[in-house]
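I opened this structure to take notes on its strands, its charged pairs and its pockets. Here is what I looked up, entry by entry.

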Amino acid sequence: METVLVVGATGNIGVAAILGAMRAKRNVLAIVRNQASAAKLFQHVNSKEGITIVEADIISEDGVQSVVDQVRAGKLPAFQHVYAAAGGAYGATPLRELSSSELRKFMTVNFESNFFAYRATIPYLLEQKGSTSFTLCTGSQGDIGARAAPAISQGPLFSMANVACRDNEETSVRFNEVYLGTRVEVDSVASQTGAMKASDFASVYTELLSRPDIKSCRISVATKDDLTDLKYKKKITY
């Protein structure tokens, strides 16, 4: 059975990715901060079956690389797919008041963590003989611009997705960007706030894992209609 490595596994999007992978009959290798985070994760997905937990600091330059090293050493399950859902920093400081230190924090949490995940896992995915995939989740705040730091830190993710789509167009790695245009929260919170439920958003990844024809694309999700009819478009042009 194939395995999905989920980076940012305990966040709202990470929980959805895990649920999506489980529905697609894949095992999960979930990176968590600590055992307390793991306990919350199991509560949100309502299962431990098929999920392997590993602790690592994903905002550290070598955090995800340490996980890949353990996989190579046979200490953790091999994986064929990666879902990068790192981030979540969502402050409201106006642009004119944004300090350099706060901006750097947002860039580290929202952008660099995903870049580190890509850099650590792509060489491993490329070494495998079969088809593999890397999915990056981005958010529309980068286009809306309502919150300065979250918006600014999304911009580099868009560019990273463009580069990764081009770099992997002729490789065995199926890179895609899932562009989220609505708020997703774990079910227990979404039922109170009215946000899209993680269990509903999970269907996008379940479908994406079954669609080898979708490669180097942006899959846009804004409404519930987008959960059952994937809206995707090629990211690169020649």
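**Entry 1: a strand pair.** I began with strand β6, residues 173–180, and strand β9, residues 217–221. They pair in the parallel sense over five bridges. I picked out Tyr179 and looked for its bridge partner in β9, which is Ser220. I am working with a predicted model, so I note that here. As a reminder to myself, strands of a sheet pair through backbone hydrogen bonds, either parallel or antiparallel.

**Entry 2: the whole sheet.** Next I asked in what order the strands of the sheet lie. I read β3-β2-β1-β4-β5-β6-β9-β10, eight strands in an open sheet with mixed pairing. At the edges I found β3 (51–55) and β10 (231–234), each pairing on one side only. From one strand to the next, the twist averages 20 degrees. I then checked helix α2, residues 35–45, which packs on the sheet. It touches β2 (27–32) and β3, and its direction makes about 155 degrees with that of β3.

**Entry 3: salt bridges.** How many salt bridges are there? I have 10 in my notes. One of them joins Lys234 and Glu169, with the closest N and O atoms 3.4 Å apart. This pair links distant parts of the chain. Lys234 sits in strand β10, while Glu169 lies in the loop between α6 (148–168) and β6, 65 residues apart. I also looked up how open Lys234 is. It counts as partly exposed because its relative accessibility is 42%, between the 20% and 50% cut-offs.

**Entry 4: Arg211 and its partners.** I followed Arg211 next. Its side chain meets that of Glu207 in a salt bridge, 3.4 Å from N to O. Arg211 also forms a salt bridge with Asp213, where the closest N and O atoms are 2.9 Å apart. Glu207 has 31% relative accessibility, so it counts as partly exposed. Asp213, at 48%, counts as partly exposed too.

**Entry 5: the largest pocket.** Last, I turned to the largest pocket, which holds about 1,100 Å³ of space. Its lining has 40 residues. Which of them are closest to its centre? I wrote down Ala85, Ala86, Gly87, Gly88 and Ala89. Several elements give two or more residues to the lining, among them α1 (12–23), α4 (100–127) and β5 (132–139). The largest share, four residues, comes from α2.

Notes: Residues numbered from 1 in each chain as written. Predicted model: local features only at pLDDT ≥ 70, side-chain atom pairs only at ≥ 80, totals over all residues. Heavy atoms only, no water. Pairing = 2+ DSSP bridges. Axes fitted to C-alpha atoms, helices over the stretch in contact; angles between N-to-C directions. Contact = heavy atoms within 4.5 Å. Salt bridge = Lys/Arg side-chain N within 4 Å of Asp/Glu carboxyl O. Buried < 20%, exposed > 50% of the residue type's maximum accessible area, 1.4 Å probe, protein only. 1 Å grid on protein atoms, 1.4 Å probe; cavity = no way out; pocket = protein on both sides within 12 Å on 5 of 7 lines; lining within 4 Å. Points joined across faces, edges and corners; volume = space filled by probe spheres on them.
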